[in-house]
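Please look through the sequence and the structure shown below before reading on. The report that follows goes from the chains as a whole to single residues.

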Amino acid sequence: MSSDAMAIRAAETTGRPWVETLHEWVITVDHKRLGILYILFALVFLVIGGIEATLMRIQLIRPHNDFVSPQVFNRLFTMHGTTMIFFVAMPVLFGFANYLVPLMIGARDMAFPRLNAFSFWLTALGGFLLYFSFVGGSGLYGAGNAPDVGWWAYAPLTSRAFSPGHSSDYWTIAVLVSGFGSIGTAINLIATILSMRCPGMKLSRMPLLAWLSLVMSGLVLITITPLSAAQIMLLVDRYLGGHFFDTQAGGSAAIWMHFFWIFGHPEVYVLIIPCFAFMSEIVPVFSRKPIFGYPVMVGATVCIGFVSMSVWAHHMFTIGMNSYSNAFFTLTSMIVGIPTGIKIFNWLGTMWGGKLIFKTPMLFCIGFLFQFLIAGLTGIMLATAPFDWQLSGSYFVVAHFHYVIVGGILFALFAAFYYWYPKITGRMMNESLGKLHFWLFVIGFHLTFDVMHIPGILGMPRRIYTYEPGRGWDTSNLIVTIGTFVQGIAILIFVANLVYSYFKGAKAGNDPWDAWTLEWSVSSPPPAYNFATIPTVASRRPLWDRKHPEDPDSRYE
Amino acid sequence: MSAITTPIAQAPGDWTLPYHGKVAMACLIIAESAIFTIFVVAYLFYLGKSLTGPAPREVLQTPIFYTICLLSSSLTIHFASRFFARGKRGAFLGLWFLTIVLGALFLFGTGQEWHRLIYEHGLTISTNLFGTTYYSLVGLHATHVTVGLLMLGIVLLFGLAGRVGREQSARIEVLSMYWHFVDAVWVVVFTVVYVIGR
């Protein structure tokens with residue numbers, strides 16, 4: 001019967017003009033389509049942000065290069081940072097959460113489908129506004145272009161005197177608007193997870209991805225909002241003549257830093273927690289073992305959520321806080337390492353003694369494990385206030401957080417792409433292209449970001465558009481730029497794989513990985529209503545129970 | 001593969017989850033609280049840091065009457081939704097209308113105070129740090145009162161048209177959660193601006 005329904009749908013879609021299909025995608029409130037829209041939106045911005053990074057690396061390939069002007073360089077690093085955080089990482093993670101959470105908890109859609117669409121289009125509007133600044137940034141003053149104040153826009157760079165025109169306003173409003181979108185999606189995810197679970201899906205049986213999405217959304221509620229508040233204050237300063245960040249009138253530039261980093265540091269955890277979720281879903285399936293230490297994983301995540309709220313000022317050791325603040329933020333930053341370490345041991349515990357299958361998703365997961373560990377270690381170095389005084393604002397910091405964001409977040413994301421692509425499109429991604437993508441990307445990543453630590457230790461500051469020869473930075477900068485191109489080629493292979501597999505990939509079937517969560521129980525791609533009958537679950541691995549009625553998990557829980 | 005489609009577990013007898021509207025409103029309240037926290041922190045941080053006058057002590061008058069209005073509107077909306085759940089339409093509409101009147105009175109009070117500050121004392125948002133933090137904190141709260149009044153007004157219109165039935169009871173509850181939150185925020189703003197701030 002279901003095949004009849006599908007055949008009818010297929011006949012309908014082939015006979016229709018493309019405008020109608022487009023219209024359907026624009027007005028959609030289906031969580032799966034919105035998830036795909038989020039992911040495609042993020043992929044477009046990933047390419048844009050990647051091009052900006054490449055332009056910067058070409059500029060820095062040798063001393064005294066004049067590939068771009070200093071002004072353009074400032075715009076490039078501002079746009080690169082803002083784009084990658086707000087318009088790549090956030091939307092792609094929300095996209096996966098949107099697509100997967102209802103399927104994993106046995107629901108037919110999110111709790112608020114229209115709010116879901118509204119949130120996506122707000123994010124899209126934010127991305128559009130940010131890039132519209134290239135056209136509209138000059139405003140009536142004929143000054144400025146794209147935002148050039150850095151992704152954290154420290155005061156007083158954003159004051160009218162130093163940022164005439166509208167470029168900073170485009171930055172502010174783009175971030176504010178996409179922030180409202182994020183809050184909407186976070187509210188939606190929490191309401192979905194708490195109120196829409198299928199019968200039997202107790203909180204203690206929820207897939208870890210749903211649990212971690214819950215924690216991530218909770219974190220979004222209390223971390224994006226301080227940024228929104230600070231952006232409103234900045235708008236008051238710029239448009240109504242307020243003095244929040246105006247040091248000439250008694251205002252404080254340091255309080256902007258506090259407000260920004262109260263958002264900025266938990267934001268890292270907002271981004272990494274969904275990646276922990278991908279790891280926790282993919283590693284067990286490719287180790288053929290249930291996740292090791294499920295309750296501890298949940299506890300550690302909640303713990304990370306709480307502790308991450310009290311570490312922000314480790315970004316500000318160099319502004320001259322008192323020794324108690326320095327000690328406090330050093331200590332809390334180190335404490336975050338404990339629950340994170342627990343997670344790494346749990347993934348290792350899952351792999352230990354398992355029957356490992358080295359398909360592309362698993363390769364990226366293993367890459368994540370090693371690289372995220374190293375990123376954590378340089379993080380502990382930088383969390384130590386005296387060490388940070390030496391290296392804050394240097395390329396060592398840039399290397400550290402790119403190790404987290406590329407070596408951690410992006411690797412986990414690639415794993416997620418290879419793992420769920422068959423569910424989303426109904427076709428497998430090409431395995432040889434996938435392996436080529438993985439190895440090229442690993443090589444490019446380590447060429448770039450391992451080597452980048454060295455000029456940092458040798459004293460090369462971030463955000464400089466060029467440098468003097470003979471300081472020992474020349475060779476390492478050349479290698480870093482070469483690594484960037486290797487990564488760029490790997491990304492192109494990935495995009496080619498996405499397109500090629502969509503048309504030519506092997507048919508996936510419902511459950512190509514022999515997995516255990518509910519999204520694999522429906523067809524690929526899932527029907528609009530997800531589940532014909534709402535499933536009932538009795539354990540953490542409902543599909544295992546169905547495949548092995550003689551030995552279900554529910555017997556042991 | 002056909003075996004996969006047969007669930008082996010039976011549905012548990014009573015499977016109830018919290019109403020999604022209430023969960024969402026609770027989340028919104030958490031998010032809004034974080035926004036207000038930042039504005040309150042800014043207000044407290046900048047107390048006494050203005051380089052020029054006027055200072056809060058010289059110009060602010062404690063709005064006791066309007067505060068009582070707003071806080072008592074929490075009671076009226078609570079009883080309104082109680083009556084609504086019991087199906088007493090007349091009492092519901094009366095108390096609901098009273099809530100709107102009390103909220104509007106509060107807004108009028110804020111407007112009056114702003115008018116006095118601007119025209120008698122020359123304090124605007126750009127005068128000094130006090131003006132900047134005061135108008136943005138109180139203004140943010142007044143914005144929330146305004147949004148709340150609009151939503152209450154919509155319910156009143158539909159209620160008068162007889163379009164609000166008992167099946168909307170949960171939604172009325174959600175709206176009253178928001179209104180209670182707006183009142184609770186005023187307690188904080190009042191304490192910060194009129195008690196600590198002077």
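Predicted model: local features only at pLDDT ≥ 70, side-chain atom pairs only at ≥ 80, totals over all residues.

Taken along the principal axes, the C-alpha atoms of chain A fill a box of roughly 70 × 55 × 40 Å, and buried residues make up 55% of the chain's 557 residues. The secondary structure of chain A consists of 16 helices and 0 strands. Where contacts in chain A have a separation of 6 or more, residues 24 or more positions apart account for 80% of them.

Chain B gives another picture, since a compact globule of 198 residues would have a radius of gyration near 16 Å, but chain B has 22 Å. Its C-alpha atoms fill a box of roughly 75 × 50 × 20 Å along the principal axes, and 33% of its 198 residues count as buried. Chain B has 6 helices and 0 strands, and among its contacts between residues at least 6 apart in sequence, 83% join residues at least 24 apart.

## Where the chains meet

In the contact between the chains, 43 residues of chain A meet 35 residues of chain B. On the side of chain A that touches chain B, the elements giving two or more residues are helix 6 (167-195), helix 7 (208-240), helix 8 (253-287) and helix 16 (542-547) of chain A. Helix 7 of chain A gives the most to this side, with 10 residues. By type, the residues on the side of chain A that touches chain B divide into 26 nonpolar, 13 polar and 4 charged.

## Helix 7 and helix 8 of chain A

How do the axes of helix 7 and helix 8 of chain A cross, and within what distance do they come? They come within 8 Å and cross at roughly 165 degrees, and the two helices are therefore roughly antiparallel to each other. Helix 7 of chain A passes helix 8 of chain A in a left-handed crossing, and the residues of their contact divide into 23 nonpolar, 3 polar and 2 charged.

## Backbone details in the loops

Most residues other than glycine have a negative phi, and most peptide bonds are trans. In the loop between helix 5 (113-136) and helix 6 of chain A lies Pro156(A), and the peptide bond from Ala155(A) to Pro156(A) is cis, with omega near 5 degrees. Ala153(A) is found in the loop between helix 5 and helix 6 of chain A, and it has a positive phi of about 50 degrees although it is not a glycine. Ala153(A) is buried, because 23 other C-beta atoms lie within 10 Å.

Arg288(A), in the loop between helix 8 and helix 9 (294-307) of chain A, has a positive phi of about 55 degrees although it is not a glycine. Arg288(A) is exposed, because it has 12 other C-beta atoms within 10 Å. In chain B, a cis peptide bond with omega about -5 degrees joins Gly53(B) and Pro54(B), and Pro54(B) is found in the loop between helix 1 (20-45) and helix 2 (56-59) of chain B.

## The surroundings of Val397(A)

Val397(A) has its place in helix 13 (residues 395-425) of chain A. With 19 other C-beta atoms within 10 Å, Val397(A) is partly exposed. Leaving aside residues up to four places away in sequence, Val397(A) touches Leu382(A), Leu391(A), Ser392(A), Gly456(A) and Arg462(A).

Note on methods. Residues numbered from 1 in each chain as written. Chains lettered and ligands numbered in written order. Contact = placed C-beta atoms within 7 Å. Helix = DSSP H or I, 4+ residues; strand = E, 2+ residues; numbered from the N terminus. Nonpolar A, V, L, I, M, F, W, Y, C, P; charged D, E, K, R; others polar. Axes fitted to C-alpha atoms, helices over the stretch in contact; angles between N-to-C directions. Parallel < 35°, antiparallel > 145°, perpendicular 65-115°, else oblique. Left-handed = near helix turned anticlockwise from the far one by under 90°. Rg over C-alpha atoms; globule rule 2.2 N^0.38 Å. Buried ≥ 20, exposed ≤ 12 C-beta atoms within 10 Å, placed from the backbone.
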